[in-house]
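Subject: Structure handover

Hi,

Here is the structure I promised you.

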Amino acid sequence: MAFTPEQLRTYLPAITSPSAIWWIGFSGGLDSTVLLHALAQLQLPVQLRALHINHQISANADAWHKQCADFCAQHSIPFHAEKVRVENTGKGIEDAARVARYSVFEKNLAATDYLLTAHHANDQAETLLLRLMRGTGPRGLASMASVRTLGAGLLARPLLYFTRAELETYALVHQLSWVDDESNLDDDYDRNFLRNQVMPLLHSRWPEFKRKWQQTAELCAQQETVMEEIAREDLVRAEPLAERVGQSIELNALLGLSPARKQNVLRYWLRLINHTTPEQLHWQQIEQQIFGGREDAQTRVSWGNVALQTYRERLYALPLHLPELELQFELRVGDIKPRLKTDLPDLHIRYRAGSERCKPVGRGHSQTLKKLLQEYELEPWLRDKVPLVFSGDSLVAVGDLWVCAEFVAAENEAGYALIWQ
């Protein structure tokens, strides 16, 4: 199939708002140059803007920056560029550059805007093969979606149905010039190795493999949609709750599901709350320790940025490192919840030492703090973090859980409402 602007029109998003901006991720390479040129030919009733990210990695970065600006000036396309600082955090320079790039993309997208990128069928095939090498399921094999959310707007990839050879033919016919990034020749990068060594070999044997793999990605995307629908229903039945830290779901709602369906709903839930999903090793631990453990065992399985922990028949998803919680004092009158007197001297905060006792308002006698925290069902991982409010050497309140009886403000007088968050 030859690439033309009219063929491209078939795969473009619907234009729903005349004020919408279509940002074009414009590196100056062959793919984005063709995309921007073809869009300009269509004269669409939408605002086109080129968005160039100068990664400042290559010695040629500023020259590419200028070439992109000149191309846009020649074709009367508004041009916006930003320089970013790329810092390798351990996942490689490619990943770091992508994170920096997409941070700029998200920042510029408004609610009705699109970002159009120039990923094509070759890129899709490379992505699918890379994910196969790392081990993946239908979600990973769906590879790059043709449309997905990005920040406040949407990301679209209208070139996924065209090969690089088709784009290059178009560029030569229209005498376009483009940037050649010298790093694309470095086979130390996995994607370059596939592109330069593996893909040509596959093409020589199966010339249509890129289109077939795109069909595979689309079928996997459809399968993932069905799996998400099932996961959404299962998650509703598990009654997710926002907790003081993290979120929890009803453990018993998962126990009757098959292992595959439990994995499906847990992956969906963790993605919703922006946590990394487990690898196969972790699934084995989850099945054995959480679902196969003794009833109400305080079991913990962690990976990435999250820990799963059980407590009182609920499963909690917690940040791997618990945040510091602050205790705020708000002056209020007439709250139903007991408030702390305002005239107490030397108010300060300590943390558990192990011998504290208190008589919460409404109790007949004092009890140890350990016993009270159990009765109030504070999650075990928060019990050493709960701030204890003292007046001198007297314990007067425990977080926002309770105020000790003799230190409660009268109903008609101002008092401190305690908020621990």
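In helix α5, A121, N122, D123, Q124, A125, E126, T127, L128, L129 and L130 are buried. Please keep in mind that this is a predicted model. Helix α5 covers residues 121–134. Its 14 residues reach 20 Å from the first C-alpha to the last, close to the 20 Å expected at 1.5 Å a residue. Buried here means under 20% relative accessible area. By that count 10 of the 14 residues of α5 are buried, so the helix is largely enclosed by the rest of the structure. What does the covering of its buried residues include? Among the elements are α2 (30–42), α6 (138–141), α7 (164–173), α8 (190–205) and α9 (209–237). Just after α5 comes G135, with a positive phi of about 85 degrees.

Next, a hairpin. Strands β5 (residues 147–150) and β6 (residues 153–156) form it, with four bridges in the antiparallel sense. Two residues lie between the strands. G151 sits in that turn and has a positive phi of about 60 degrees.

Now the sheet. It is open and has five strands, in the order β7-β8-β11-β10-β9, with antiparallel pairing. Which strands are at the edges? They are β7 (241–242) and β9 (300–303), each of which pairs on one side only. Further in, β8 (residues 247–250) and β11 (residues 314–319) run antiparallel, joined by four bridges. S248 stands opposite Y316 of β11.

Two helices go with this sheet. Helix α11 (residues 259–272) lies across β8, β9, β10 (306–311) and β11. It runs at about 40 degrees to β11. Helix α12 (residues 280–291) also packs on the sheet and touches β9, β10 and β11. The direction of α12 makes about 170 degrees with that of β9.

R314 first. This arginine belongs to strand β11. Is R314 buried or exposed? Its relative accessibility is 11%, so R314 counts as buried. A polar atom of its side chain lies 2.6 Å from the backbone oxygen of E239. Beyond its neighbours within four places in sequence, R314 is in contact with residues including A238, E239, P240, L241 and E243. Its contacts also include S248, I249, E250, L251 and Q309.

Then R339. Look for it in the loop between β12 (327–332) and β13 (347–350). R339 is buried, at a relative accessible area of 2%. Which backbone oxygens does the side chain of R339 reach? One is that of R332, at 3.0 Å. Another is that of E413, at 2.7 Å.

Last, T276. This threonine is in the loop between α11 and α12. With 35% relative accessibility, T276 counts as partly exposed. Leaving out residues up to four places away in sequence, T276 touches L270, W303, G304, N305 and V306. How far is T276 from G415, C-alpha to C-alpha? The two are 43 Å apart in space and 139 residues apart in sequence.

Best wishes

Conventions: Residues are numbered from 1 along each chain as its sequence is written. This is a predicted model: local features need pLDDT of at least 70, side-chain atom pairs count only at pLDDT 80 or more; totals for chains, interfaces and linings use all residues. Side-chain values use heavy atoms; hydrogens and water are left out. Two strands pair if DSSP finds at least two bridges between them. Contact means heavy atoms within 4.5 Å. Axes are lines fitted to C-alpha atoms, for helices over the stretch in contact, and angles run from 0 to 180 degrees between N-to-C directions. The expected span of a helix is 1.5 Å times one less than its number of residues. Buried means under 20% relative accessible area, exposed over 50%, partly exposed in between (1.4 Å probe, protein chains only). A polar contact is a pair of N or O atoms within 3.5 Å; within protein, one must be able to donate a hydrogen and the other to accept it, and residues adjacent in sequence count only if both atoms are side-chain atoms.
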